[in-house]
Amino acid sequence: MKPKEQHVTVSHPGYSDEFYSEESAVVTSDGNAAGQELSKSHDTTLAANLEAVRMLGLKLPTDPRWVNVAEKTIEEILTDHAFCEQKAATMGVTLIVKFSDHAKLVDEVTPLVAEEWGHFRKVLKELKKRGLNLGRQRKDEYVVALHNQMRKGGSREQTMMEYLLVSAMVEARSCERFRLLSLYCQDEYLRKFYYEFMVSEAGHYRMFIDLAKHYLPEDQVKRRWEEMLIAEAEIMANLELRGDRVH
Ligand SMILES: [Fe+2]
Ligand SMILES: [Fe+2]
């Protein structure tokens, strides 16, 4: 473990299954988890969102010790987090503009954009409270790598599925990281702060998956989601796990 100048890393590769053997684990290595989640209809209740957290199905769980280093660089995490919220809002607008003739998508993504912008404001407020400004955006290697996984050249519906599933993936991984912060931050205030984000992003993750299922055959969505889960795990395995980044 070598702390670096601007950020802190944890042991390579920084992921471990052992922490996920607990009953309350968010992430399961069960390959059917994503499929089970996909079989549910959209439901916006807190219970449904918490169930979604349990069923994320990510293939490479984050080592919870990441929280120990993240908490030490909380200002850095907050800046990165603010830009994650901005990117989520921007992606929502992109979806609405690109697929504006899909009424259900427009109806559901429009309030999501407002919510993500609300998240941005909330994180900005937290920075200000700590006497900090937003600062400059950092390159988001995770999101760039995920976007590079998107298939081009298919039908319009297939392109929409690529956008929806990449959006769902960012929500799922964010949700997983926020859950760790909500459980393991030493600071009770921060635990509560991140709990709310975890619940909200879980709802978004489910919404994107449900939208994909609405517009495309469920089998196709499940197959592509499973491929993306595998690709995402590879991306994560090759990314340095940094204490100053949400992803
Ligand atoms: Fe958000
Ligand atoms: Fe979100």
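Student: How many of the 29 residues of helix 7 are buried?
Tutor: This is a predicted model. In it, helix 7 is mostly covered. Of its 29 residues, the number that are buried is 22.

Student: Are helix 6 and helix 7 roughly parallel or roughly antiparallel to each other?
Tutor: The axes of helix 6 (residues 141-148) and helix 7 (residues 156-184) come within 10 Å and cross at roughly 150°. Angles over 145 degrees count as roughly antiparallel. The two helices, helix 6 and helix 7, are therefore roughly antiparallel.

Student: Which residues make the contact of helix 6 with helix 7, and how do they divide into nonpolar, polar and charged?
Tutor: Helix 6 passes helix 7 in a right-handed crossing. Helix 6 contributes Val143, Leu146 and His147, while helix 7 contributes Val166, Met169 and Val170. By class, the residues of this contact are five nonpolar, one polar and no charged.

Student: Is Asp210 buried or exposed?
Tutor: Asp210 lies in helix 8 (residues 188-215). A residue is buried if 20 or more other C-beta atoms lie within 10 Å of its own. Asp210 has 20 other C-beta atoms within 10 Å, so Asp210 is buried.

Student: How far apart in space are Asp210 and Leu165, C-alpha to C-alpha?
Tutor: In sequence, Asp210 and Leu165 are 45 residues apart. In space, their C-alpha to C-alpha distance is 9.9 Å.

Student: How is helix 5 oriented to helix 8, roughly parallel or roughly antiparallel?
Tutor: Helix 5 (residues 103-129) packs with helix 8 at an angle of about 160°, the axes being 11 Å apart. That angle makes the orientation of helix 5 to helix 8 roughly antiparallel.

Student: How do the residues of the contact of helix 5 with helix 8 divide into nonpolar, polar and charged?
Tutor: The crossing of helix 5 past helix 8 is left-handed. From helix 5 come Lys104, Leu105, Glu108, Leu112, Glu115 and His119, and from helix 8 come Phe197, Ser200, His204, Met207, Leu211 and His214. These residues divide into five nonpolar, four polar and three charged.

Student: What percentage of contacts in the protein chain between residues at least 6 apart in sequence join residues at least 24 apart?
Tutor: The protein chain has nine helices and zero strands. Among its contacts between residues at least 6 apart in sequence, the share joining residues at least 24 apart is 80%.

Methods: Residues are numbered from 1 along each chain as its sequence is written. Chains are lettered from A and ligands numbered from 1 in the order in which they are written. This is a predicted model: local features need pLDDT of at least 70, side-chain atom pairs count only at pLDDT 80 or more; totals for chains, interfaces and linings use all residues. Axes are lines fitted to C-alpha atoms, for helices over the stretch in contact, and angles run from 0 to 180 degrees between N-to-C directions. Helices (H or I, at least four residues) and strands (E, at least two) are DSSP runs, numbered from the N terminus. Angles under 35 degrees count as roughly parallel, over 145 as roughly antiparallel, 65 to 115 as roughly perpendicular and the rest as oblique. A crossing is left-handed if the near helix is turned anticlockwise from the far one by less than a right angle, and right-handed if clockwise. Two residues are in contact if their C-beta atoms, placed from the backbone, lie within 7 Å. Ala, Val, Leu, Ile, Met, Phe, Trp, Tyr, Cys and Pro count as nonpolar, Asp, Glu, Lys and Arg as charged, and the others, Gly among them, as polar. A residue is buried if 20 or more other C-beta atoms lie within 10 Å of its own, exposed if 12 or fewer, and partly exposed in between; C-beta atoms are placed from the backbone.
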